[in-house]
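Me: Could you take me through this model one feature at a time, with the general idea before the particular case?

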Amino acid sequence: MAVQPDDVLDARGLPCPLPLLKAKQALSRLAPGQVLEVMATDAGSWRDFETFIAQSGHEMPAREERGEIYHYWIRKAGEASQ
């Protein structure tokens, strides 16, 4: 994947809605413009992250499914300090 994360959250094995809740916590620790990669095994997370991005100011530059693991790259809203 071309998107380089600033932090990685391993939410594999966590049931819905924990992957999304843990991702929100992780995003709160990042600076605007930084990217969080989330790995999850919960199939419902695909829809959960899609809805979350649509309702927030964050961006999801990429997401993919690799076997039974879902990968999401989320760019925190706000201006990047670069």
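Me: Which exposed residues does the face of α2 turned away from its buried side carry?

Reply: Exposed here stands for a relative accessible area over 50%. On that face of α2 the exposed residues are Arg47, Ala54 and Gln55; bear in mind throughout that this is a predicted model.

Me: And which residues of α2 are buried?

Reply: The cut-off for buried is a relative accessible area under 20%, and in α2 the residues Ser45, Asp48, Phe49, Phe52 and Ile53 are buried.

Me: Which residues are buried in α1, and what covers them?

Reply: In α1 the buried residues are Pro19, Leu20, Ala23, Ala26 and Leu27. Because they cover an arc of only 120° around the axis, they are on the same side of α1. Their cover includes β1, β2, α2 (45–55) and β4 (69–75).

Me: In which sense do β1 and β2 pair, and how does the chain cross from one to the other?

Reply: One reads the sense of pairing and then follows the path of the chain. Strand β1, residues 7–11, pairs with strand β2, residues 35–40, in the parallel sense, over 5 bridges. The chain passes from β1 through helix α1, residues 18–28, to β2, and this β-α-β crossover is right-handed. Within the pair, valine 8 stands opposite glutamate 37 of β2.

Me: Where does lysine 76 lie, and is it buried or exposed?

Reply: Lysine 76 lies in the segment after β4. The value to compare with the cut-off of 20% is its relative accessible area of 17%, and therefore lysine 76 is buried.

Me: With which residues is lysine 76 in contact, leaving aside its neighbours within four places in sequence?

Reply: Sequence neighbours are set aside in such a list, and what remains for lysine 76 is contact with Leu27, Ser28, Leu30, Ala31, Pro32, Gly33, Gln34 and His58. For one of these, serine 28, the separation from lysine 76 is 48 residues in sequence, while the C-alpha to C-alpha distance is 8.6 Å. For another, leucine 30, the backbone oxygen lies 2.6 Å from a polar atom of the side chain of lysine 76.

Me: How do I read the chain as a whole?

Reply: Begin with the order of elements, which from the N terminus on is β-α-β-α-β-β, with 2 helices and 4 strands in the chain. For 82 residues a compact globule would have a radius of gyration near 12 Å, and the 12 Å of the chain agrees with this. Taken along the principal axes, its C-alpha atoms fill a box of roughly 35 × 25 × 20 Å. Of the 82 residues, 38% count as buried. Lastly, among contacts between residues at least 6 apart in sequence, 66% join residues at least 24 apart.

Definitions and conventions. Residues numbered from 1 in each chain as written. Predicted model: local features only at pLDDT ≥ 70, side-chain atom pairs only at ≥ 80, totals over all residues. Heavy atoms only, no water. Pairing = 2+ DSSP bridges. Right-handed = clockwise from strand over helix to strand, strands pointing away. Buried < 20%, exposed > 50% of the residue type's maximum accessible area, 1.4 Å probe, protein only. Arc of directions from axis to C-beta. Contact = heavy atoms within 4.5 Å. Polar contact = N/O pair within 3.5 Å; in protein donor to acceptor, adjacent residues only side chain to side chain. Rg over C-alpha atoms; globule rule 2.2 N^0.38 Å.
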